[in-house]
Amino acid sequence: MENSENQKASHYIVAIGASAGGLEALQELFSLLPTDLGASYVIVQHLSPDFKSMMDELLSKNTSMAVHQAVEGEELLANTVYLIPAGKLMRIAEGKIYLSDLPPDNRINLPINELFRTLAEDAQNHAIGVILSGTGSDGSRGVLSLKEMGAMVIAQDPEEAKFDGMPLNAINTGSVDFVLPIRDIPDQIKRFIQHPLARETRSKFREHLSKNSKILDDILALINDRTELDFRAYKESTVSRRIEHRMSINSKHTLHEYWEYLNSTPGEVELVKQDLLIGVTQFFRDGEVWEKLFEDVVKPLVLETPKDETIRIWCPGCSTGEEAYSYAILFAEAMDELQVERHVTVFASDIDQSAIAFAANGTYPSSISSEVPAEYLTKHFTHLNDSNYQISKRIRNMVVFATHNLIQDPPFSNMNLVSCRNTLIYLQNAAQQKVMAFFHFALKVRGYLVLGTAESPGSFSIYFDFTDQRNRIYQKTKDIKVPSSQISSTSSFQNRHYRPKSVTNYLSMPNKRIDKERKAATIGRQAVMDEYIPPTLITDSKLRVVYSYGDTSLFTAKLRPGLVTYDLSDILIDELSGQAISAAHQVLRENSSVLMQDIKVDAEESWSLRCFAFHENGPDNAYLALSFFKGGIKPAPVSDVTYERGEQTEKRIEELDNALIDCQKLYREALEDLDSTSEELQSSNEELMAANEELQSTNEELQSVNEELYTVNSEYQQKIAELTDINNDLENLMIATHLAVLFLNSDLKIRRFTQAMKQYVNIIDFDINRDFRDLSFKKPLTELDELVSQVNRGQKSSVTKIFSEEDSTRELEVTVSQYKIGSTAKGVIISIIECRR
């Protein structure tokens, strides 16, 4: 059982992507590839669904391995070559091939990306991706997935490739391990597959790391010294996977060998740093999350933020900027839909300077068309002459890129939203806690936190409320200071060149003198409050209870089963809810105080309710106080408006009627405004958008079809060359053997003849397509016409007859046989041989 598992673990899958000009590269590659490496080879080429591919027939002449088109559900076998069928997408799962039709609305065929993505998930570091000649950018997004899982990626040297588009786009991602001419690729594949680490399980390599932990620390210290990046906060599994990958790439068998190689090869330090940075991202990754964000986070932020304030978003670990631009697009769409203007700034930060430089340029390969919705692509991107897409100036102006170390540098502040997706999973628990403390500090109250699908706040869950647990959307509802005990010590993560302040210094900086003054100012406050302040509930402007004074148990309901909220209507008992909400609405509307006398609480005592408004920490933070007084208290509380018991019901009904009328009026006005606006926008934009989309789609489809036709043309050219060689061989065979042969079609018209036939028949080249019976023979061949007719009718498949002359010593042996293609007769062949008596 163990041997079978090891054999399965060592099975490699080589995925090769090619397009225009790729046929010649594939033939050269497989003519040099060893046939006994034990790997499976999966080839994806851009093929036109309208033409039959002859790739299997052509490629089988360059290798002794079995070559055939892939079949649905087929298991990948060693030393076998699998070709993608035309008009299909191919995926790898659990070592098997799965095929599907191209979606009907597929504007650009990107099968290489899909194969690489699924192969990365299935084979991980036992996968090899190869990009050969082709136009466009197919495969450039797929190599990112392969790189993330530790696979080896090779690109053909662009100077050698017939079309350098695909190799260059792959190289520009920074995820290609080797750029090689075709002649060097087989040796690199062989070294990677036969490396000793390939025969060991990952657990054994981790054991090797643990035994050489001093060397591993030296490697990380060397990287820190030369790049000023400290990766000791990364998880051990992440570091080991990247180190193992670099050792396999460079054919180093032990950690000590790799340590010596690092010291002697300065460029390798930069390469291993890039591997550890794991810059994998894409536009609108996990579509359901973005749909939820748009409705529940982005639109409310746009609506609730005042015009003179800026909506601030922070995207730490932004890599090449796709996620940051996705947020900018969402906010732009929300402002367009809601017809409002807001100042929006997306702060995108990453530790990788090269990734930040790429992101700031805002130019991406054409393969992003499979990630970005069509309407966003048309509206917010410009299609450049080199087929790349560039983010529009409006969106670029909303995003600010900066180099920032999430663990070591101070956090940003006053953020409405922090989005850190699939970054925490690579960090150790202590580093995760430190980062979560930074996020808590960075967010405003009511600010949102978005994490990856495999991430959670952990022990910081008590400081955030769930907005959407499934999609990992959280909200900071209270401005609570994070105690230092909540954050693990992270001294081991500090860079030796830079000593940042502790997290607690960022979260709170206490001043001893101020603390003493505050303590002196609060002496006796609680005693006075308990003695004189009536039972009071404090709510915010949305009538959510935020604090209470005194014993309010008489007025509040017991905790009900289900979702717990702080809404005033849920907190108060049913008898009080109507009067309290009515009073609160009037206070908010008229900015006056209201007194409700003789409210119904219990049968024994009479109570009054007084509601008034106040502001805390600025005019924008409005609150309400609802205080309860016993009915017989003298003097009665002073208020702007007082309602007796009978008037309270009438006031409530009047308020509800007025509210209903206002709502209906606003609803009608909104509908009218929306209808007129919608008509105007549709009439002015629909034709332009439709024309633009159609032109762009047509251009992309033509480019894709042109590439497919080039591939088909290459196959046909090779086939034609082979047929021409065969035809020349047959012509020379006929000439060399002096055979007299006449070819007739099923209508007994001349198709072809050899030059030796002119000895017996008066025939010239002009007689092609002429009836055989019109010819005159130099020597009488009686009964020949009848023999030819019999064979043509199928009465005989072949007949031989001797024709001789009495005064001659020579005889003519004439053979008439059917001309067959397969089992079907297509004409007649007449051959003449001269012999002596």
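**A walk through a predicted chain**

At 5% relative accessibility, phenylalanine 464 counts as buried, because a residue is called buried when its relative accessible area is under 20%. Phenylalanine 464 sits in the loop between strand β17 (443–451) and strand β18 (465–468). If we leave out residues up to four places away in sequence, its contacts are Met436, His440, Leu443, Leu449, Pro457, Tyr474, Gln475 and Lys476. One of these, leucine 449, is 15 residues away along the chain, and its C-alpha atom is separated from that of phenylalanine 464 by 8.4 Å.

Among the contacts in the chain with a separation of 6 or more, 67% are accounted for by residues 24 or more positions apart.

How many of the 9 residues of helix α5 (residues 140–148) are buried? The count is 9 of the 9, so this helix is largely enclosed by the rest of the structure. The buried residues of α5 include Val143, Leu144 and Leu146, and also Arg141, Lys147 and Glu148. After α5 comes glycine 150, which has a positive phi near 90 degrees.

Once neighbours within four places in sequence are set aside, asparagine 169 is in contact with Gly136, Ser137, Ser140, Pro365 and Asn388. Is asparagine 169 buried or exposed? Its relative accessibility is 17%, and therefore it counts as buried. A polar atom of its side chain lies 2.9 Å from the backbone oxygen of glycine 165.

Next we can look at how helices meet. Two packed helices are described by the angle between their axes and the distance between the axes, and two pairs in this model can be read in that way. The axes of helix α11 (residues 255–264) and helix α12 (residues 266–277) come within 5 Å and cross at roughly 115 degrees, which means that α11 is roughly perpendicular to α12. On the α11 side the residues that meet the other helix are Tyr258, Tyr261, Leu262 and Ser264, and on the α12 side they are Pro266, Glu268, Val269 and Val272. Sorted by class, this contact has 6 nonpolar residues, 1 polar residue and 1 charged residue.

The second pair is helix α13 (residues 287–304) and helix α14 (residues 322–338), whose axes come within 9 Å and cross at roughly 60 degrees. These two helices are therefore oblique to each other, and their crossing is right-handed. From α13 the contact draws on residues including Trp290, Leu293, Phe294 and Val298, while α14 contributes residues including Tyr327, Leu330, Phe331 and Met335. By class, the contact of α13 with α14 has 13 nonpolar, 1 polar and 4 charged residues. Lys299 of α13 and Glu323, Glu333 and Glu337 of α14 are among the residues that make this contact.

Asparagine 414 lies in the loop between β15 (399–403) and β16 (415–420), and with a relative accessible area of 47% it is partly exposed. Asparagine 414 has a positive phi of about 55 degrees, although it is not a glycine. Asparagine 591 likewise has a positive phi of about 55 degrees without being a glycine, and its place is the loop between helix α23 (574–590) and strand β22 (594–599). Is asparagine 591 buried or exposed? Its relative accessible area is 61%, so asparagine 591 is exposed.

Tyrosine 532, finally, belongs to helix α21 (residues 525–532), and with 66% relative accessibility it counts as exposed.

Terms used
Residues numbered from 1 in each chain as written. Predicted model: local features only at pLDDT ≥ 70, side-chain atom pairs only at ≥ 80, totals over all residues. Heavy atoms only, no water. Axes fitted to C-alpha atoms, helices over the stretch in contact; angles between N-to-C directions. Helix = DSSP H or I, 4+ residues; strand = E, 2+ residues; numbered from the N terminus. Parallel < 35°, antiparallel > 145°, perpendicular 65-115°, else oblique. Left-handed = near helix turned anticlockwise from the far one by under 90°. Contact = heavy atoms within 4.5 Å. Nonpolar A, V, L, I, M, F, W, Y, C, P; charged D, E, K, R; others polar. Buried < 20%, exposed > 50% of the residue type's maximum accessible area, 1.4 Å probe, protein only. Polar contact = N/O pair within 3.5 Å; in protein donor to acceptor, adjacent residues only side chain to side chain.
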